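User: Could you take a close look at one helix in this model for me? I'd like to know how it sits in the rest of the chain.

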Amino acid sequence: TPLALLTAYQSMKDAGFSEPGSGKGKRILVHAGAGGVGHFALQLAKIYQFDEIVTSCSSANADFVKSLGATSVVDYRNEDFVTKFANAKFDVAFDPVGGEPVGCCCAAS
């Protein structure tokens with residue numbers, strides 16, 4: 001658990017978010033919000049007061065991630081987040097899973 005929290009914290013800090021309120025006016029996508037690193041990233045995003053906190057997880061974990069701060073949940077088994085958010089870019093994409101699709105959701109500015 002300490003390593004998962006440290007990973008989430010350091011990643012957020014490296015992206016410029018480490019203080020309460022530092023996420024105001026920003027949108028964040030956290031992949032695997034119910035996972036070890038992702039669930040800490042959701043809690044940090046809430047502390048940092050991101051305006052919108054979107055996460056991907058299975059429908060079975062939707063209530064769990066909402067309790068951690070997610071404002072919107074994408075069921076990765078049944079929805080395509082790339083299509084869903086194609087016209088609504090994120091300021092930050094937090095991806096502890098890795099892989100191809102995350103880049104298309106970034107660069108709001």
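Helix H2, residues 38-47, is mostly covered, with 7 of its 10 residues buried. Buried here means under 20% relative accessible area, with exposed over 50% and partly exposed in between, using a 1.4 Å probe and protein chains only. Helices (H or I, at least four residues) and strands (E, at least two) are DSSP runs, numbered from the N terminus.

Before going on: this is a predicted model, where local features need pLDDT of at least 70, side-chain atom pairs count only at pLDDT 80 or more, and totals for chains, interfaces and linings use all residues. Residues are numbered from 1 along each chain as its sequence is written, and side-chain values use heavy atoms, leaving out hydrogens and water.

Which residues of H2 are buried? They are Gly38, His39, Phe40, Ala41, Leu42, Leu44 and Ala45. The cover over them includes helix H1 (2-14), strand E1 (27-30), strand E2 (52-57), helix H3 (62-68) and strand E4 (92-94), where contact means heavy atoms within 4.5 Å.

The structure has 2 aromatic pairs; rings of Phe, Tyr and Trp (its six-membered ring) pair if their centres lie within 6.5 Å, and planes under 30 degrees apart count as stacked, over 60 as edge-to-face and the rest as tilted. One of the pairs is Phe17 with Phe50, tilted, at 4.9 Å centre to centre and 50° between the planes. Phe17 counts as buried because its relative accessibility is 7%, and Phe50 does so at 6%.

Now the wider setting. The chain has 4 helices and 4 strands, running α-β-α-β-α-β-α-β from the N terminus on. Its radius of gyration is 13 Å, close to the 13 Å that the globule rule gives for 109 residues, so the chain is as compact as a globular protein of that length. (That radius is taken over C-alpha atoms, and the rule is 2.2 Å times the number of residues to the power 0.38.) Of the 109 residues, 39% count as buried. Residues 24 or more positions apart make up 56% of the contacts with a separation of 6 or more.
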